[in-house]
Amino acid sequence: QVQVVESGGGLAQAGGSLRLSCAVSGSIASINTMGWYRQAPGKQRELVAAISSDGRTNTADSVQGRFTISSDNAKNTVYLQMNSLKPEDTAVYYCKVSLGLVLRLHYWGQGTQVTVSS
């Protein structure tokens, strides 16, 4: 009964920006972390950025300085501000939510396509 819904993906030109949103609703106990992952064709899914409930963030080297993750805990929403986009950023971006304290449950959104043209 937990829903994870991403939005904000689309087409952008190199050097452009996009802002992704991920809203979580349903049977939520407590959110430990929320993160963004991406998967390009033929490649494994990789972590882009994550944020914990206390505001700590972790960002992949490949997007450091370009992408910023943030959250609104009151809205159970996480954002990914993507600036200076590169064609290499083209991928399906997934939101992952980890719930619980001792018992940890993970939920994934359906993904949102980000395409960056040269």
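**Aromatic contacts, a disulfide and positive phi values**

The charged end of Arg45 is placed over the ring of Tyr94, at 3.7 Å from its centre; a charge sits over a ring if NZ of Lys or CZ of Arg is within 6 Å of the ring centre and within 35 degrees of the ring normal. The structure is a predicted model, in which local features need pLDDT of at least 70 and side-chain atom pairs count only at pLDDT 80 or more, while totals for chains, interfaces and linings use all residues. Residues are numbered from 1 along each chain as its sequence is written, and side-chain values use heavy atoms, with hydrogens and water left out. Arg19 likewise lies over the face of Tyr79, 4.2 Å from the ring centre.

A pair of aromatic rings is described by the distance of the centres and the angle of the planes. Rings of Phe, Tyr and Trp (its six-membered ring) pair if their centres lie within 6.5 Å, and planes under 30 degrees apart count as stacked, over 60 as edge-to-face and the rest as tilted. The whole structure contains 2 aromatic pairs. In one of them, the centres of Tyr94 and Trp108 are 6.5 Å apart and the planes stand at 80 degrees, so the pair is edge-to-face. Tyr94 belongs to strand 9 (residues 91-99) and Trp108 to strand 10 (residues 105-108), so the pair ties together parts that are 14 residues apart in sequence; strands (E, at least two residues) are DSSP runs, numbered from the N terminus. Tyr94 is buried at 14% relative accessibility, whereas Trp108, at 36%, is partly exposed. Buried means under 20% relative accessible area, exposed over 50%, and partly exposed in between (1.4 Å probe, protein chains only). Ring pairs join Tyr37, Tyr94 and Trp108 into a cluster.

A disulfide (a pair of cysteine sulfur atoms within 2.5 Å) connects Cys22 and Cys95, with an S to S distance of 2.0 Å. The count of disulfides is 1. The angle about the S-S bond is -85 degrees, and the link of Cys22 and Cys95 is left-handed. Cys22 lies in strand 3 (residues 18-25) and Cys95 in strand 9, so parts 73 residues apart in sequence are tied together. Both cysteines, Cys22 and Cys95, are buried.

Positive phi values occur in two loop residues other than glycine. Asn76, with phi near 50 degrees, is located in the loop between strand 7 (67-72) and strand 8 (77-82). Ser84, with phi of about 50 degrees, is found in the loop between strand 8 and strand 9. Asn76 is partly exposed at 25%, and Ser84 is partly exposed at 41%.

How values were computed:
Helices (H or I, at least four residues) and strands (E, at least two) are DSSP runs, numbered from the N terminus.
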